Amino acid sequence: MSSVVQPCARCGARWAVQGAPMHWCPRCRGVLLSPGKVDAPPEKRNYRWVARRPDHRDRRVSARTVRADPGPTPRYTEVPRWGLLDPPPAQPRAPRRPLRGIADRRDRLLVMTATAFVLAGLAEYGRYLILLQNRTRLIPSWLLWISDATVWLFGTLAPILALLTALSLVAWLIEARRAAYAAHGSRDPRRSWTLIAGCVIPGVNLVWPGVFLTELAAAHPDPRALRAVRIWWAAWATSGVLFVAATLWRNASTLQAEADGVSFTGFTDLCAAGFAVLTLWTVRLLEGRDLRGNPRSAHRLLIAADPAQEVIAPVEPGGASTAEETERSESAEPGENPHKEVVAK
């Protein structure tokens, strides 16, 4: 075996030289170094091993470049949040129902309806005062024109707002019942067209809205919701009776009856305004809010019980014992304890 070998610069294998020196390693195709003896000491080898970093070429190139001034040390006014933010995945938006848009305007329409009916009632009472004054004196034409304009304006605006409010309340009722039944893992047994027909058809709508709200309040955790629905139901039936009575009164033939009809119309307008406020209070109570729209806070009333033990001892009368102690102190000899117990012999 030949004592002359060629080491590989890549894998370190040693290959014996049998003839002419080779240039490439048969194993890894690396460069073969020049031939040398196997047992040659390091100082007599014609090559040497040098350890270099894997990135020695990049470092050699970067060493030639001019290093820039690193600048001041960065300072932070707060803790850096690099990679610390982990926002939750965006929830898919639920499809917006067509009735939800008008149901969201419910509160605003109720307030506008109540305001319009209050102004309509004041306009009717203003006309009634003009009729009273017209019995003894003439009324200026401009005052009559203002009275007619206000009565016509608010008398037309209030019913229109009331109709829009009724539509928004029906839409809210459908959505509220659907959400209430869905919270209990069920489905509303009544169809949407049934709810709409029960709330829109004249005569029938004096009964069925109360039934629908009662079913909704039965699933409410607050027991006051059912009582509020009953109060609203009674007021709703009463308002229907007042509306029919005011409509029939307008067909009166005598002047006094017509004047009383104006006064009664103003009264029904004010009752309608109060009913709008009552409706706003009822629907917000079903949603867990008060009349102003703030969340209702639960209150618990506890019965205060007497303490198990008496804190203050009862006071005993001390008149007789005081007199006895006085007699003993007077009859006692000097140096004798006046509180000494006396034993009868």
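Which residue forms a salt bridge with R289, and how far apart are the closest N and O atoms? The partner is D107, and the closest N and O atoms are 3.5 Å apart.

1. Basis. This is a predicted model, in which local features need pLDDT of at least 70 and side-chain atom pairs count only at pLDDT 80 or more, while totals for chains, interfaces and linings use all residues. Residues are numbered from 1 along each chain as its sequence is written, and side-chain values use heavy atoms, with hydrogens and water left out.

2. Salt bridges overall. The whole structure holds ten salt bridges. The term stands for a side-chain nitrogen of Lys or Arg within 4 Å of a carboxyl oxygen of Asp or Glu.

3. R289 and D107. R289 forms a salt bridge with D107. This pair links distant parts of the chain, 182 residues apart: R289 is in the loop between α8 (255–286) and α9 (319–331), and D107 is in helix α3. Helices (H or I, at least four residues) are DSSP runs, numbered from the N terminus. R289 is partly exposed at 22% relative accessible area, whereas D107 is buried at 16%. Buried means under 20% relative accessible area, exposed over 50%, and partly exposed in between (1.4 Å probe, protein chains only).

4. R178 and E175. The salt bridge between R178 and E175 has its closest N and O atoms 3.2 Å apart. Both residues lie in helix α4 (residues 141–183), three residues apart, which is about one turn of the helix. R178 is partly exposed, at 29%, and E175 is buried, at 9%.

5. D188 and R177. The side chains of D188 and R177 meet in a salt bridge of 2.9 Å, N to O. D188 lies in the loop between α4 and α5 (192–200) and R177 in helix α4, so the pair ties together parts eleven residues apart in sequence. Both count as buried: D188 has 16% relative accessibility and R177 has 0%.

6. Nonpolar patch. V118, L119, L122 and L270 make a nonpolar surface patch of about 300 Å². Patches consist of residues with over 30% relative accessible area and no salt bridge, with nonpolar side chains (Val, Leu, Ile, Met, Phe, Trp, Tyr) joined within 5 Å and like charges within 9 Å. Accessible areas come from the Shrake-Rupley method with a 1.4 Å probe. Helix α3 (residues 106–133) supplies the largest share of the patch, three residues. L122, found in helix α3, counts as exposed because its relative accessibility is 52%.

Key: Helices (H or I, at least four residues) and strands (E, at least two) are DSSP runs, numbered from the N terminus.
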